[in-house]
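Notebook open, viewer up. I want to jot down what I look up as I go.

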Amino acid sequence: MKKILFILLVVVFASCIRKEPYEVAIDRYLQEHLKDPDSYQNVELGKPKKITPMTIALTEILKRVAAGEFPYDSIGSKLEEAKAFFKSQGTSPYDTIGWEVRHKYRAKNSFGAMNLEEVTYIFDKSQKEILRVESKNEY
């Protein structure tokens with residue numbers, strides 16, 4: 001009985017430490033790009049969020065509204081136009097085309113000072129490859 005309980009605990013523990021593909025890709029990216037990878041401290045790692053043609057369209061429309069190109073009350077009609085465009089091109093407006101993950105962490109820079117970084121990783125559909133990294137920090 002004790003052996004069964006021990007084996008069950010080992011299986012449960014082992015399943016808890018298995019990393020998701022996006023976490024493995026982020027770890028690899030940080031090892032390759034941080035000045036001092038040993039100084040890395042995770043502050044917050046978000047969950048993957050879908051990227052679809054419509055999420056890209058919404059982001060672009062909101063940027064253009066903020067720039068004053070469109071009035072705020074036209075967002076709904078602009079989204080409908082984007083949806084119709086995607087359908088006319090044979091693209092499903094809500095198909096997953098990638099993923100994004102937000103990450104906040106601390107790490108040492110070239111001078112040895114700890115910096116707080118906020119980045120968004122853009123992944124492929126499989127969440128195994130980082131296609132782009134967008135920094136929220138302004139230098």
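Started with the largest pocket: about 430 Å³ of space. By pocket I mean an open set of points on a 1 Å grid over the protein atoms alone, where a 1.4 Å probe fits, with protein on both sides within 12 Å along at least five of seven lines; lining residues have an atom within 4 Å of a point. The volume is the space filled by probe spheres set on the points, which are joined across faces, edges and corners. I found 18 lining residues, with Ile56, Thr59, Glu100, Ile122 and Arg132 closest to the centre.

This is a predicted model: local features need pLDDT of at least 70, side-chain atom pairs count only at pLDDT 80 or more, and totals for chains, interfaces and linings use all residues. Residues are numbered from 1 along each chain as its sequence is written, and side-chain values use heavy atoms, with hydrogens and water left out.

Which element gives the lining its largest share? Helix 3 does, with five residues. I take helices (H or I, at least four residues) and strands (E, at least two) as DSSP runs, numbered from the N terminus.

Next I checked the sheet pairing (at least two DSSP bridges between two strands). Strand 3 and strand 4 run antiparallel, joined by 10 bridges, and Tyr105 has Glu117 as its bridge partner. Strand 4 also pairs with strand 5, antiparallel over five bridges, with Val119 opposite Ser135.

Last, I looked at Ser39, in the loop between helix 2 and strand 1. Its contacts (heavy atoms within 4.5 Å), leaving aside neighbours within four places in sequence, are Arg106, Ala107, Lys108 and Met114.
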